[in-house]
Amino acid sequence: MTPLAYTIAAALAGGVLAVVAAAFTLALHASWVQRLVSFAVGALLGAVFLEMLPHALEEGDAEHVMIVMLAGLLAFFLLEKLVLWRHSHGHEEHDDATDESEHDHAMHAHGHGHDQGRSGLMILIGNSVHNFCDGIVIAASYLADPALGLAATLAIVSHAVPQQVGDFAVLLHSGYTRRRAFALNVAAGCATLAGALGAYFALADMQQALPTVLAIAAASLLYVAVADLIPSLHRRPEPLETAKQSLLIAAGIGVIAAVHALLAH
């Protein structure tokens, strides 16, 4: 398969197929979603520190890569603040628990009440933007190296499924039917493919830009892990639950490490 074929397959897995998987997961016990989030943290951290960042440092200037990554983290912080501000500014009557990032809906959505669709549009817009960015990460990773692309795909799919579960729940609580919520999430999932194709053709002849793009991609995945997913795990501080979370985080890192070892040159 060509890098373009890998990119398209990975984008479909990270977008549309993640929605289908989330539809099945939603029917399972809520604890499955918690487990997926813990695994996703490990997969994201593994993809950043075992694959994406080392590759960016190998291909580009170390100081430039680290400055871009730092700037990326701050930019994602400000972007999320803007999303949350727009959400709360438009819906002051919402409970504070609803003013969370779209990445964290999997932890909160089951507690929302009907809001007659008020939060549905915000969820879909945020989800589409996030999926588009995931597509860029996938394309840049496969253009750099197949092993890096596979690691990025695993990390993105692992956190996309619990995110989509949360989005489903928010849409249902907003008054959408199951069929319409599924259709809208599939449409938002197509943004992953759009981002992947756009980035692939934009970057195919710009290999010198890959270290910068990979640094931004690493900042994106790292921000999702440490700012959105890890805080949600702290809501269950019991020792047994913490042990389960730690094991699943280790499993996520282990899967990325295994992919790295199998596909290493």
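**Salt bridges and a helix pair**

Colleague: How many salt bridges are there in this predicted model?
Modeller: The model is predicted. A salt bridge here needs a Lys or Arg side-chain nitrogen within 4 Å of an Asp or Glu carboxyl oxygen. By this rule the count is 3.

Colleague: Which residues are linked in a network of salt bridges?
Modeller: E238 pairs with R236, closest N and O atoms 3.0 Å apart. R236 also pairs with E241, at 3.6 Å. E241 in turn pairs with R35, at 2.8 Å. The network links R35, R236, E238 and E241.

Colleague: How many residues apart in sequence are the parts that E241 and R35 tie together?
Modeller: E241 forms a salt bridge with R35. E241 lies in helix α10 and R35 in helix α3, so the pair ties together parts separated in sequence by 206 residues.

Colleague: Is E241 buried or exposed?
Modeller: Buried means under 20% relative accessible area. E241 has 6%, so E241 is buried.

Colleague: Is α1 roughly parallel or antiparallel to α8?
Modeller: The axes of α1 (residues 3-14) and α8 (residues 178-203) come within 8 Å and cross at roughly 155 degrees. Angles over 145 degrees count as roughly antiparallel. That makes α1, relative to α8, roughly antiparallel.

Colleague: How many nonpolar residues does the contact of α1 with α8 have?
Modeller: From α1, the residues in contact include L4, I8 and L12. From α8, they include L193, L197 and F201. By class, the contact has no charged residues, 3 polar and 10 nonpolar.

Notes: Residues numbered from 1 in each chain as written. Predicted model: local features only at pLDDT ≥ 70, side-chain atom pairs only at ≥ 80, totals over all residues. Heavy atoms only, no water. Axes fitted to C-alpha atoms, helices over the stretch in contact; angles between N-to-C directions. Helix = DSSP H or I, 4+ residues; strand = E, 2+ residues; numbered from the N terminus. Parallel < 35°, antiparallel > 145°, perpendicular 65-115°, else oblique. Contact = heavy atoms within 4.5 Å. Nonpolar A, V, L, I, M, F, W, Y, C, P; charged D, E, K, R; others polar. Buried < 20%, exposed > 50% of the residue type's maximum accessible area, 1.4 Å probe, protein only.
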